[in-house]
Amino acid sequence: MKIYRRYLLREVSGAIVLVLLAFLALFAFFDMLGEVQDIGRGGYQLRHAFAFVLLRLPGRVYELMPIAVLIGTLYALSSLARHSEITVLRVSGLSSGAVLRVLFLVAAMFAVATFLIGEYVAPTAEREANQLRLKARGRMIGQDLRSGLWVKDERSFINVRVVLPDTRLRGVRIYEFDEDARLRSLTEASEGEYVVPDSWRLSNVVQTVLHAERADVQKLPEIVWQSALNPDILAVLMVSPDRMSLQHLATYTKHLADNRQTTNRYEIAFWKKVVYPLAAFVMVALALPFGGAHYRSDAVGLKVFSGVMIGILFHMLNGLFANLGAINSWSPVLSAVTPSSLFLLAAITMIWWVERR
């Protein structure tokens, strides 16, 4: 590898890592401030708050990576331009295309890191953080409805009063309907535990079977219940769609589709996870005309501020298009790709304008 490539790789990568660490420290500080007010509730102590904030850092890395790539690249290129190093490289025959190829190498490294963290590290860490917080505070997983969690599984509707952090169920009710949508049976259990694939062991069961003119009730100490409901599906209660892995998103989306329920929100989240790491390439392309267009006259601080504003705009557009797509039933792929496409178009336009000058 040529000397200038190694030099640019080192400078830009170092600046991105430095910016990312600064952002992580800032967000960790604010997260810690948010947790301090909960210290003393139940068994929640300072050590739990520290552990919770640390476990959330991988998710923060995933969330902040494109912004860090943009600002770090801007800072590195602006610093090189300020010291006339970009000028020397230009005079030596280095084209914008050659600089962009080096920046794409940097983007590829951070894109791979973003994908690996978002797929394998952040979802697990987020789940562990929520479990730790719930256990320490002595609380169950909160539900939107007073009656608890509701899940549709083929012709059955399942109501779970509470889901424990280890995915055990309490207060289970299973309403089973026939093909004509008539209630066929009601099964109530005090507790459920996942034992083998697609099977739950229900304890203290009261089963009511409805016939045309009578109802048979029987009490059983324990039964095995076959269901497509599993801990992976329940895990979505503890991790938001944006923080879930592609595998969990695909599993839950298929479950919803099989039961004829709305999947748009999770499909958008799936495609956002696919597209999001590629935002690193868009960010370095966007930074090139800002960072290398003018050499001595532009202040580094102004460019960094511009990078922060562009990064915030990108983050807001990502969320905006995801919400609009879910509300208006837009194509999940279109909702996920549009923000990055708009910024890529802006980057291409600015590079073309700078080269013309």
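Let me start with a question: is Arg-182 buried or exposed? Arg-182 is exposed, because its relative accessible area is 52%, and exposed here means over 50%, with buried under 20% and partly exposed in between (1.4 Å probe, protein chains only).

Before I go on, a word on what we're looking at. This is a predicted model, where local features need pLDDT of at least 70 and side-chain atom pairs count only at pLDDT 80 or more, while totals for chains, interfaces and linings use all residues. Residues are numbered from 1 along each chain as its sequence is written, and side-chain values use heavy atoms, with hydrogens and water left out.

Okay, the overview. The protein chain has 10 helices and 6 strands; those are DSSP runs numbered from the N terminus, helices being H or I with at least four residues and strands E with at least two. Of the 357 residues, 47% are buried. If you take contacts (heavy atoms within 4.5 Å) between residues at least 6 apart in sequence, 63% of them join residues at least 24 apart. The chain exposes about 18,600 Å², and carbon and sulfur atoms supply 60% of that; accessible areas come from Shrake-Rupley with a 1.4 Å probe, and for residues only the protein chains shown count as cover.

Now the inside. The largest nonpolar core has 54 residues. By nonpolar core I mean buried Ala, Val, Leu, Ile, Met, Phe, Trp, Tyr and Cys residues joined through side-chain atoms within 4.5 Å. Among the residues with the most contacts inside this core are Leu-20, Val-69, Leu-70 and Met-283. Helices H1, H2, H3, H4, H8, H9 and H10 each give two or more residues to it, and H2 has the largest share, with 14. Have a look at Met-283: leaving out residues up to four places away in sequence, Met-283 touches Pro-66, Val-69, Leu-70, Phe-314 and Phe-343. There's also a second, separate core of 23 residues, including Ile-174, Met-244, Leu-256 and Ala-269.

On to the record. An unreviewed UniProt entry lists "transmembrane region" for residues 12-30, 50-77, 98-117, 274-292, 304-327 and 333-354; UniProt positions are in the numbering used here, feature names are shortened, and annotations may be inferred rather than shown by experiment. In the model, residues 50-77 are 100% helix, with 36 Å between the end C-alpha atoms. Residues 304-327 are 100% helix too, and there the end C-alpha atoms lie 35 Å apart.

What about the outside? Val-112, Phe-115, Leu-116, Tyr-120 and Val-121 make a nonpolar surface patch of about 470 Å². Patches are built from residues with over 30% relative accessible area and no salt bridge, joining like charges within 9 Å and nonpolar side chains (Val, Leu, Ile, Met, Phe, Trp, Tyr) within 5 Å. Tyr-120 lies in helix H4 and counts as exposed, at 56% relative accessibility.

Back to Arg-182, then. Arg-182 sits in the loop between strands E3 and E4 and touches Glu-176 and Phe-177, again not counting residues up to four places away in sequence. Asp-178 forms a salt bridge with Arg-182, closest N and O atoms 3.5 Å apart; the cut-off is a side-chain nitrogen of Lys or Arg within 4 Å of a carboxyl oxygen of Asp or Glu. Leu-210 is 28 residues from Arg-182 along the chain, yet their C-alpha atoms are separated by 9.6 Å.

How many salt bridges does a search of the whole structure find? The search finds 13. One of them joins Glu-193 and Arg-201 at 3.1 Å, N to O; Glu-193 is partly exposed at 33%, and Arg-201 is partly exposed at 27%. Another pairs Arg-214 with Asp-216 at 3.4 Å. Then there's a network, in which salt bridges that share partners join Asp-31, Arg-60 and Glu-63.

Last topic, backbone angles. Most residues other than glycine have a negative phi. Asn-204, in strand E5, has a positive phi of about 50 degrees, and Asn-204 is exposed at 54%. Ser-329 has a positive phi as well, near 60 degrees, and is found in the loop between H9 and H10. Asn-264 is buried, since its relative accessible area is 12%, whereas Ser-329 counts as exposed at 56%.
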